[in-house]
Structure formats: C-alpha cells, structure tokens
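Subject: Structure handover

Hello,

Here is the structure for your files. My notes on it follow below.

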Amino acid sequence: MTARLNGKVPLISGTGSGMGRAAARLFAAEGAIVVGTDVNADANSETTELVRKDGNTMTSIAPLDVSEPAGAQAWIDSAVEHHGGIDILYNNAGDTRFGSFPDVSVEDYEYTIRNELGITWHCTQAAWPHLISRGAQCSCADQSRVSTAPRSSAGGACRGEGRGDGPDAPARSGGRRARYPGELG
Ligand SMILES: NC(=O)c1ccc[n+]([C@@H]2O[C@H](COP(=O)([O-])OP(=O)(O)OC[C@H]3O[C@@H](n4cnc5c(N)ncnc54)[C@H](O)[C@@H]3O)[C@@H](O)[C@H]2O)c1
C-alpha cells in the first residue's frame with residue numbers, strides 16, 4: 001500500500017458488509033482513520049475486527065440508521081468531535097426493493113427512496129460544512145447510469161439509472177450485464 005490516505009478521516013456508511021466493508025479495509029490499509037456506521041451492529045463489529053486484525057484503525061457508531069436525518073447528523077457530529085473533521089464521505093449504505101414498475105407498492109417505493117436517496121441526502125447535508133472547511137470537492141456515491149428501462153426501480157431513479165429488459169439493453173447501457181438476478185430479463 002502507498003499510505004496515500006495517511007491521517008485522513010473518511011466516513012463510510014454501510015461498513016457492515018459488501019463494498020462498505022471492503023472500502024473500510026482498503027482505506028484503513030492506505031493509512032486512513034476510518035469512521036464507519038451500519039444499521040447492523042454485529043456485522044459492523046466484524047468489519048471493525050477485520051480492520052484491527054489487518055493492523056489498521058477504524059472507529060464506528062452502530063447500530064445507526066442513517067436514512068433518518070437525526071441518525072446521519074449523530075454520525076457526522078461524533079466523527080467531528082472525535083477526529084476534528086472529515087476529509088471524505090463515502091455514501092455507500094443503501095437498501096433497495098426491486099420490482100417491475102407497475103408492481104412496486106407505495107411502501108416499497110418509499111422504503112427505497114428513504115434507504116437510497118435519503119441516506120445520501122442526509123449524510124451529505126450533515127457533512128457538507130465539514131467537507132467544505134477541509135477543501136473536499138465531492139461526495140462519493142454510486143455512479144449515475146442511464147438506459148431506457150421497462151424494468152426500473154425507485155433505487156435506480158435515485159441514482160439516475162434505469163435498467164432495460166430488451167435484447168439491446170446491454171448495448172444501450174454501455175455493455176453492462178445484469179448485476180441483480182433477473183435485472184435484464
Ligand atoms: N452490489 C452491487 O452490485 C450494487 C450495484 C449497484 C449499486 N449498489 C449499491 O452500492 C451500495 C453497497 O452495495 P453492497 O452490495 O455492498 O450492499 P450490502 O447490502 O452488502 O451493504 C449495504 C450495507 O448498508 C447497510 N445499511 C443499509 N441501510 C442502512 C441504513 N439505513 N443505515 C445504516 N446502514 C445501512 C446494510 O446493513 C449493509 O451492511 C448499496 O447502496 C447498493 O445499493 C450495489
């Protein structure tokens with residue numbers, strides 16, 4: 001590793017599994033003081049343990065629901081209090097209920113909006129003044145993608161993406177293949 005994040009304070013949401021866990025280990029291995037959070041405390045503890053076994057540093061607050069403004073604010077405030085500021089915000093946490101557009105219930109739609117757009121929105125708003133004060137230029141979230149989409153989802157809408165069912169869908173979406181079961185039909 002190159003220690004290119006030496007002494008930096010990155011906040012990563014959803015450090016209990018998947019990409020959040022991988023990012024926590026990678027950022028910490030690059031010298032960062034990672035501040036994680038997750039709604040699942042046990043899973044998050046496993047990540048913290050892995051980072052420590054790697055010989056690196058990670059603190060967290062868990063369980064915490066950062067889809068709520070108060071949860072997002074508590075996470076950011078705690079990081080600033082303990083580490084003096086924030087250098088990076090990685091809006092990774094999210095949870096999506098997939099379904100064909102005509103079948104998605106209002107409850108599923110609202111759940112997905114809250115747990116995709118809400119998380120990114122509330123964490124970024126809470127972190128914004130601290131990021132600006134340290135000269136940060138962006139918050140990292142999922143990349144935006146566009147394709148026409150008979151089978152879309154509220155989660156896709158949150159991220160500016162749509163998924164196609166048609167035979168030319170991979171071509172339209174830049175050669176991407178399905179990443180969720182049944183995504184492209
Ligand atoms: N895996 C993929 O192929 C893929 C593709 C596109 C987008 N994404 C997005 O990337 C992100 C990470 O994906 P992943 O596959 O690692 O997901 P994952 O489900 O493995 O991990 C997400 C983590 O976020 C946590 N989380 C969910 N809601 C939370 C909340 N309200 N507050 C705090 N923590 C919460 C979960 O407990 C979990 O540990 C997600 O937002 C996902 O929607 C993933």
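Helices (H or I, at least four residues) and strands (E, at least two) are DSSP runs, numbered from the N terminus. The protein has six helices and four strands, and along the sequence they follow the pattern β-α-β-α-β-α-β-α-α-α.

The model is predicted: local features need pLDDT of at least 70, side-chain atom pairs count only at pLDDT 80 or more, and totals for chains, interfaces and linings use all residues. Residues are numbered from 1 along each chain as its sequence is written.

Ligand shell. The ligand is surrounded by 25 residues (C-beta atom, placed from the backbone, within 6 Å of it). The closest are G14, G16, G18, M19 and G94. Two or more shell residues come from each of α1 (18-29) and α4 (106-133), and α1 gives the largest share, three residues. By class, the shell has seven nonpolar, 13 polar and five charged residues (nonpolar: Ala, Val, Leu, Ile, Met, Phe, Trp, Tyr, Cys and Pro; charged: Asp, Glu, Lys and Arg; polar: the others, Gly among them).

Helix pair. The axes of α1 and α2 (residues 41-53) come within 10 Å and cross at roughly 25° (axes are lines fitted to C-alpha atoms over the stretch in contact, and angles run from 0 to 180 degrees between N-to-C directions). The two helices are therefore roughly parallel (angles under 35 degrees). R21, A24, R25 and A28 of α1 meet T47, L50 and V51 of α2, with contact meaning C-beta atoms, placed from the backbone, within 7 Å. This contact has four nonpolar, one polar and two charged residues.

Regards

Technical notes:
Parallel < 35°, antiparallel > 145°, perpendicular 65-115°, else oblique. Contact = placed C-beta atoms within 7 Å.
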